[in-house]
Amino acid sequence: MTTILIPTDFKAQTLNCVPELLKKVYPERLNIILVHLLDITYSEQELLMLARRSSEYRHIPGEFYAACARLKKLYPERIDNFRIEFFYGSTVALFNNLLEANSIDVVVKLNDYHYDQLTQNSIDPTALIARCNKPVVQLDCKTAVDYDLPKVEKNQKNPLTPNAV
């Protein structure tokens, strides 16, 4: 099982990279964490309520959830789980803590993609991805290509793991 982090602005276009990602890590099953990065607030009141905050989830369009469900239906043997997260922080140290806390194996960097801001506190993840301490896979997200992947056989190794041949 490989855990992948994909920064997103919750546009369905950011999920176009998933079929190519599945092809690259074949035959591994994936846990995919979709994360939107927000700069942390400096208001004491907002910081106190941060753990209970769920207002950001209203910015996620229904088509994004539908695209996740479609991918999970297309690749049921390859995608174990999609999880949506909001991350509050703008430093490399905090971003690396996020990666460690979620046991992230690989971070996806979308080529030539401009992340839209969901809120005034949204930040572009590109600089943090470039300086993180995990392997980064660069993928395109301009067009969706669905692959017919072969069935997973036992004892096949993940090409992204260091011990793979």
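A: The largest nonpolar core has 31 residues, and I6, L15, V18 and L34 are those with the most contacts inside it. A nonpolar core here is a set of buried Ala, Val, Leu, Ile, Met, Phe, Trp, Tyr and Cys residues joined through side-chain atoms within 4.5 Å. Buried means under 20% relative accessible area, exposed means over 50%, and partly exposed is in between (1.4 Å probe, protein chains only). At least two residues of this core come from each of strand 1 (2-7), helix 1 (18-24), strand 2 (30-38), helix 3 (62-74), strand 3 (79-88), strand 4 (106-110) and strand 5 (136-139). Helices (H or I, at least four residues) and strands (E, at least two) are DSSP runs, numbered from the N terminus.

Before going further, please keep in mind that this is a predicted model: local features need pLDDT of at least 70, side-chain atom pairs count only at pLDDT 80 or more, and totals for chains, interfaces and linings use all residues. Numbering starts from 1 along each chain as its sequence is written, and side-chain values use heavy atoms, with hydrogens and water left out.

Leaving aside residues up to four places away in sequence, L15 touches L34, F64, A67, C68, L71 and F82, where a contact means heavy atoms within 4.5 Å. As background, nonpolar side chains tend to be buried together in soluble globular proteins.

Aromatic rings are the next thing to look at. There are five aromatic pairs; rings of Phe, Tyr and Trp (its six-membered ring) pair if their centres lie within 6.5 Å, and planes under 30 degrees apart count as stacked, over 60 as edge-to-face and the rest as tilted. F10 and F86 form a tilted pair, with ring centres 5.4 Å apart and planes at 50°. This pair links distant parts of the chain, since F10 sits in the loop between strand 1 and helix 1 and F86 in strand 3, 76 residues apart. F10 is buried at 1% relative accessible area, and F86 also counts as buried, at 10%. Y113 and Y115 make an edge-to-face pair, 5.0 Å centre to centre with 80° between the planes, and both tyrosines are buried.

T3, in strand 1, is a buried residue at 10% relative accessible area. Not counting residues up to four places away in sequence, T3 touches N31, I33, N102, S103, I104, D105 and V106.

Now for the charged pairs. The whole structure has four salt bridges, each a side-chain nitrogen of Lys or Arg within 4 Å of a carboxyl oxygen of Asp or Glu. One of them joins D116 to K11, with the closest N and O atoms 2.0 Å apart. D116 is in the loop between strand 4 and helix 5 (126-130) and K11 in the loop between strand 1 and helix 1, 105 residues apart. D116 is partly exposed at 29%, as is K11 at 36%. R83 and E85 meet at 2.9 Å, N to O. K134 pairs with E100 at 3.3 Å, with K134 in the loop between helix 5 and strand 5 and E100 in helix 4 (residues 92-101), so parts that are 34 residues apart in sequence are tied together.

Stepping back, the chain has five helices and five strands, following the pattern β-α-β-α-α-β-α-β-α-β. Buried residues make up 41% of its 165 residues. Among contacts with a separation of 6 or more, 86% are between residues 24 or more positions apart.
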